[in-house]
Amino acid sequence: MIQVVTVTPKQIQVALSGDLCAEEAKALKNNLLGYIDSGHPFISIDFSKVDYIDGNGLGALVFIHRQAMDKKGHLEIKGLQGNIKELFELAQLNKVLAIK
């Protein structure tokens with residue numbers, strides 16, 4: 001679930017909570033694509049309150065990352081912990097995405 005979206009002139013800051021599965025991933029992707037298309041390609045997503053992510057969620061993040069890069073921006077992931085951090089490392093997304 002998208003909990004908070006803060007728009008600054010330089011960056012979109014998003015805080016997620018709960019699960020990031022198919023339905024939530026689609027909503028996140030559509031929401032953030034709107035910002036990217038309107039000239040805000042720098043996105044930061046806080047995962048500190050995310051309990052679970054599946055392949056749809058990971059795929060949405062890679063898609064958002066590519067779209068942001070196409071617009072000369074980037075996607076930053078913050079607050080990874082526990083099993084979710086391990087999943088990102090296992091999928092080697094820590095080598096593709098900017099993780100802090």
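What share of the 100 residues of the protein chain counts as buried? The share is 38%, where buried means under 20% relative accessible area with a 1.4 Å probe, protein chains only. Before you click around, note that this is a predicted model, where local features need pLDDT of at least 70, side-chain atom pairs count only at pLDDT 80 or more, and totals for chains, interfaces and linings use all residues. Residues are numbered from 1 along each chain as its sequence is written, and side-chain values use heavy atoms, with hydrogens and water left out.

Start with the cartoon view. You'll find three helices and five strands, in the order β-β-α-β-α-β-α-β from the N terminus. Here helices (H or I, at least four residues) and strands (E, at least two) are DSSP runs, numbered from the N terminus.

Next, select Ile45, Phe47, Leu61, Ile77 and Phe88. These have the most contacts inside the largest nonpolar core, which has 27 residues. Such a core is a set of buried Ala, Val, Leu, Ile, Met, Phe, Trp, Tyr and Cys residues joined through side-chain atoms within 4.5 Å. Now colour the elements that give two or more residues to this core, among them strand 3 (42-53) and strand 4 (74-78). Helix 2 supplies the largest share, six residues.

Last stop: zoom in on Ile77. Beyond its neighbours within four places in sequence, Ile77 is in contact (heavy atoms within 4.5 Å) with residues including Ile45, Phe47, Leu61, Phe88 and Leu97.

Methods. Buried < 20%, exposed > 50% of the residue type's maximum accessible area, 1.4 Å probe, protein only.
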